[in-house]
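Trainee: I would like to go through this model by asking what each label rests on. Please answer from the definitions.

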Amino acid sequence: MFARILRGEIPAEVLHEDEHCLAFLDVTPQAPTHFLVIPKREIATLSDATPQDEGLLGHLLVTAANVAKQLGVDEDGSRIVINNGAGAGQTVFHLHVHVLAGRTLAWPPG
Ligand code: 5GP
């Protein structure tokens, strides 16, 4: 599904794009600000990442932080989440980083 967003076949509210990743608003936001950062190279789950992906994974996190700054939601804090596998709530099997902000976020998460 996210491959279709990358190919422009499904519209998305894109916040950032570079050669390695795309950041876009989540279609079903769970917080006032909720966006996803995905690698352009498809990795199904975090567990499928290899040592060769270390740079890419770091890039996703730095991009998540930079986009949060760009949106002005970094100062009050944000929650960065990767659901890793169906048992953890992953429904789209193209690795993605969730960024949630704009409301109080409880810990532990549900
Ligand atoms: P997961 O449950 O796999 O961690 O998260 C998948 C996320 O992708 C969900 O928050 C869901 O709302 C979002 N999502 C699923 N399909 C689409 C889509 O077509 N467009 C956008 N923008 N978000 C999507």
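Mentor: Start with the elements: helices (H or I, at least four residues) and strands (E, at least two) are DSSP runs, numbered from the N terminus. P108 has its place in the segment after β5. A cis peptide bond joins W107 and P108, with omega at about 0 degrees. This is a predicted model, in which local features need pLDDT of at least 70 and side-chain atom pairs count only at pLDDT 80 or more, while totals for chains, interfaces and linings use all residues. Residues are numbered from 1 along each chain as its sequence is written, and side-chain values use heavy atoms, with hydrogens and water left out.

Trainee: How many helices and strands does the secondary structure of the chain come to?

Mentor: There are two helices and five strands. Read from the N terminus, their order is α-β-β-β-α-β-β.

Trainee: Why is the chain called as compact as a globular protein of that length?

Mentor: The radius of gyration (taken over C-alpha atoms) is set against the globule rule, 2.2 Å times the number of residues to the power 0.38. The chain has a radius of gyration of 13 Å, and the rule gives 13 Å for 110 residues, so the chain is as compact as a globular protein of that length. Along the principal axes, the C-alpha atoms fill a box of roughly 35 × 30 × 25 Å.

Trainee: What makes V99 count as buried?

Mentor: Buried means under 20% relative accessible area, exposed over 50%, and partly exposed in between (1.4 Å probe, protein chains only). V99 is at 0% relative accessibility, so V99 counts as buried. The place of V99 is in strand β5. Across the chain, 35% of the 110 residues count as buried.

Trainee: Which residues is V99 in contact with, leaving aside its neighbours within four places in sequence?

Mentor: Contact means heavy atoms within 4.5 Å. On that basis V99 is in contact with T33, H34, F35, A64, S78, R79 and I80. From V99 to S78 the C-alpha distance is 6.6 Å, although 21 residues separate them in sequence.

Trainee: What makes L60 count as buried?

Mentor: L60 has 1% relative accessibility and therefore counts as buried. L60 is found in helix α2. Its C-alpha atom is separated by 7.0 Å from that of C21, 39 residues away along the chain. With neighbours within four places set aside, the contacts of L60 are C21, V37, I38, P39, L95 and V97.

Trainee: What makes a group of residues a nonpolar core?

Mentor: The members are buried Ala, Val, Leu, Ile, Met, Phe, Trp, Tyr and Cys residues joined through side-chain atoms within 4.5 Å. The largest such core here has 15 residues, and A23, F35, V37, L60, A64, V97 and V99 touch the most other members. At least two residues each come from β2 (21–25), β3 (33–39), α2 (54–71) and β5 (97–101). Helix α2 gives the most, with five residues. A second, separate core has seven residues, including I5, F24, L36 and V92.

Trainee: Is H98 buried or exposed?

Mentor: H98 has 12% relative accessibility, so H98 counts as buried. H98 is found in strand β5. Among its contacts beyond four places in sequence are D26, H34, R79 and N83.

Trainee: What joins the side chains of H98 and H34?

Mentor: A polar contact of 2.8 Å joins them. The term covers a pair of N or O atoms within 3.5 Å; within protein, one must be able to donate a hydrogen and the other to accept it, and residues adjacent in sequence count only if both atoms are side-chain atoms.

Trainee: Why does H96 count as buried?

Mentor: H96 has a relative accessible area of 7%, so H96 is buried. H96 is found in the loop between β4 (78–81) and β5. A polar atom of the H96 side chain lies 2.7 Å from the backbone oxygen of H94.

Trainee: Which residues around the ligand come nearest?

Mentor: A residue is near a molecule if one of its heavy atoms lies within 4 Å of it. There are 16 residues around the ligand, and D26, N83, G89, T91 and H98 come nearest. A backbone N or O atom of L25 lies 2.9 Å from a nitrogen atom of the ligand. For oxygen atoms of the ligand, the distance from a backbone N or O atom is 2.7 Å at T91 and 3.0 Å at V92.
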